[in-house]
Amino acid sequence: MTFRKSTNDRARQAFALAVLSTLSLAAGAAIAAPDSITQKPFGTAPGGQKVSLYTLTNRSGMVVKITNYGGIVTSILVPDRNGKLGDVVLGYDNVAGYIKGSPYFGALVGRYANRIAKGKFTLNNKTYTLAVNNGVNHLHGGKIGFDKKVWMASPVRVSNGVGLSLNLHSADMEEGYPGNLAVHVVYSLTNDNALKIVYTATTDKATVLNLTNHSYFNLNGAGSGTVLDQTMMINASRYTPIDKTSIPFGLLAPVAGTPFDFRRPHAIGARINMANLQLKNGAGYDHNFVLNHTGNSLVLAARAYSPKTGRVLTVSTTEPGVQLYTGNFLDGTNIGKGGKAYNKRGAFCLETQHFPDSPNQKAFPTTTLRPGQVYRQTTIDKFSTR
Ligand code: GLA
């Protein structure tokens, strides 16, 4: 299916219809066309809803698969330096895998990505209590976070690519958070091999919000060993050191002279086993980096590279922080796509975000969203080779 340049509503509608009719005709089969989006069944959510898997293909042949269960990116197929496609994210072959137990593989995480200390925060003189689901803290939105919700999905036209629009209504006091929240996420696969994620949200009561995508990347291919030889650059001169429950102390500490200095690219594994209290607290890298960023424009956050395959991932974001997590808790018990086991350090995550525990940390950029305001975030994962 080729897209026309026109962006008027009629063309958009015609496109959506064309996609839908192609879907019913082709029943999920690949479309012999430059760029396309197809839909097929992916299983049943715990609430009985049927969920789908959407396959987005761009003109260069890059493929991104997304399910409306959790807004999860299940596969990203990108070429290596010889042009061979490989799947660079961890995930499962069907929704049952994600339901059975997934450490947020590829998911949209909310309402609050990362931790809120002791599952409590105060807003407008009222204290809110959230699920404590990670030691003594609240993690990734609670028991049934956005990663476990069925989102409303529809294919959309985007400039220079194909897109999937996802919508979610999160009710007032769901998981203990105030406000009816309307969340809208658009994933776009553009023809320059970038996956762009645009988030917007509004609320009818003051609340806190921190959204991210939790893809686990391995540039050698999911399930093909550790990422320790892959190199990482993070555009951050400071990071937020954590206590032994992974809550930031509140200071923005310089990375200079520490294993957290990724300003020049080096192997992820080069310093991961150093005797360092912060590495001990995170069981490896599981820390928020303060991006060298003023304002909320799109800025380079990180660049990862696999010397073996030549694949490069460049992440840009409008967010103030990025969490580097090096799959420290993977232990081979998650058997993913194609029956491959995901072992410790078998992936890295670059979760673009506001800083962990911001609702309790006065010095951090605010995560409060008030009625009349619009939450906005853009993150771009761009793939290339060298
Ligand atoms: C984030 C957290 C980690 C871990 C993973 C999921 O990266 O910071 O501690 O919870 O998500 O396993």
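1. Residues are numbered from 1 along each chain as its sequence is written. The model is predicted, and local features need pLDDT of at least 70, side-chain atom pairs count only at pLDDT 80 or more, totals for chains, interfaces and linings use all residues, and side-chain values use heavy atoms, with hydrogens and water left out.

2. For His 140, a polar side-chain atom is 2.8 Å from an oxygen atom of the ligand; for Gln 323 the value is 3.3 Å. The protein buries 95% of the 300 Å² that the ligand exposes when taken alone (Shrake-Rupley accessible area, 1.4 Å probe).

3. The largest pocket holds about 320 Å³ of space. Of its 15 lining residues, Glu 319, His 354, Val 374, Tyr 375 and Arg 376 are the closest to its centre. A pocket is an open set of points on a 1 Å grid over the protein atoms alone, with protein on both sides within 12 Å along at least five of seven lines; lining residues have an atom within 4 Å of a point. The volume is the space filled by probe spheres set on the points.

4. Strand 29 (375-385) and strand 28 (368-369) each supply at least two residues of that pocket's lining, and strand 29 gives the most, with three. Strands are DSSP runs (E, at least two residues), numbered from the N terminus. The pocket lining divides into five nonpolar, eight polar and two charged residues.

5. There are two cavities of 30 Å³ or more, a cavity being a set of grid points where a 1.4 Å probe fits but cannot get out. The largest has a volume of about 60 Å³, and its lining includes Tyr 199, Asn 213, Leu 350 and Gln 377. Strand 29 again provides the largest share of a lining, three residues.

6. The second largest cavity has a volume of about 30 Å³. Among its lining residues are Arg 111, Phe 146 and Glu 174.

Key
Helices (H or I, at least four residues) and strands (E, at least two) are DSSP runs, numbered from the N terminus. Ala, Val, Leu, Ile, Met, Phe, Trp, Tyr, Cys and Pro count as nonpolar, Asp, Glu, Lys and Arg as charged, and the others, Gly among them, as polar. A polar contact is a pair of N or O atoms within 3.5 Å; within protein, one must be able to donate a hydrogen and the other to accept it, and residues adjacent in sequence count only if both atoms are side-chain atoms.
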